[in-house]
Amino acid sequence: MSTADSTLLQQAIAGLRLNDIVLYESHFFHGEPFPEAEELAAVQQHKRGVSYRVTALGSEETAGKRLQVVVALGERVVDDASKDEPTIYFGVEAEYMVIYELVADVSDEALHAFSNLNAVHNVWPFWRQHVFDLIGKARLPPLQIPLFSGGADD
């Protein structure tokens with residue numbers, strides 16, 4: 001991480017306080033029947049997206065602001081990732097709304113850097129547990145959700 005990125009993150013960290021993490025939307029899907037293990041040639045694919053907005057909090061007399069970050073994550077198992085339309089065996093997608101109170105002024109550039117790293121980091125343990133629970137209840141082979149390292153490929 002560059003010094004500039006680190007400075008932006010520190011600015012945001014100093015100006016934000018975590019209020020809540022909410023499972024906003026979730027989708028579990030089966031595609032084609034999952035083949036027997038000895039026949040399986042499958043690939044796990046990852047999805048990650050982040051969007052954010054600053055909203056007013058309270059009335060004008062007690063005006064405050066909050067940062068709402070939507071973290072969209074997904075995992076799916078397909079037969080061949082190189083195909084334009086691979087056979088999809090199963091998958092899980094979820095969106096989490098992470099709500100922070102702005103306790104100091106934070107630049108948009110710092111909010112952007114923070115949302116793409118820290119908000120995803122805050123959601124990651126909830127995401128891992130959500131996937132493990134759903135896949136276990138569906139009696140499907142476990143998906144590998146790596147430890148969060150900050151990269152877009154997590």
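Colleague: Happy to start in the middle! Which residues have the most contacts inside the largest nonpolar core?
Modeller: Keep in mind that this is a predicted model. Its largest nonpolar core has 34 residues. Those with the most contacts inside this core are Leu16, Val71, Tyr100, Val123 and Trp127.

Colleague: Which element gives the most to this core?
Modeller: Several elements give two or more residues to the core: helix 1 (3-15), strand 1 (16-30), strand 3 (64-78), strand 4 (88-102) and helix 2. With 11 residues, the one that gives the most is helix 2.

Colleague: Let's look at one residue of that helix. Is Asn118 buried or exposed?
Modeller: Asn118 sits in helix 2, which covers residues 108-137. Leaving aside neighbours within four places in sequence, Asn118 touches Leu9, Ile13 and Tyr100. Its relative accessibility is 19%, and the cut-off for buried is under 20%. Therefore Asn118 counts as buried.

Colleague: And Val71, which residues is Val71 in contact with?
Modeller: Val71 is one of the residues with the most contacts inside the core. Setting aside neighbours within four places in sequence, the contacts of Val71 are Gly49, Ala94, Glu95, Tyr96, Val98, Ala119, Val120 and Val123.

Colleague: Now the whole chain, please. In what order do the elements run from the N terminus on?
Modeller: The chain has 2 helices and 4 strands. From the N terminus on, the order is α-β-β-β-β-α.

Colleague: Last one: what share of the residues of the chain count as buried?
Modeller: The accessible surface of the chain comes to about 9,100 Å², with 50% of that belonging to carbon and sulfur atoms. Of the 154 residues, the share that count as buried is 34%.

Conventions
Residues numbered from 1 in each chain as written. Predicted model: local features only at pLDDT ≥ 70, side-chain atom pairs only at ≥ 80, totals over all residues. Heavy atoms only, no water. Buried < 20%, exposed > 50% of the residue type's maximum accessible area, 1.4 Å probe, protein only. Contact = heavy atoms within 4.5 Å. Core = buried A, V, L, I, M, F, W, Y, C linked by side-chain atoms within 4.5 Å. Areas by Shrake-Rupley, 256 points an atom, 1.4 Å probe, with all protein chains shown as cover.
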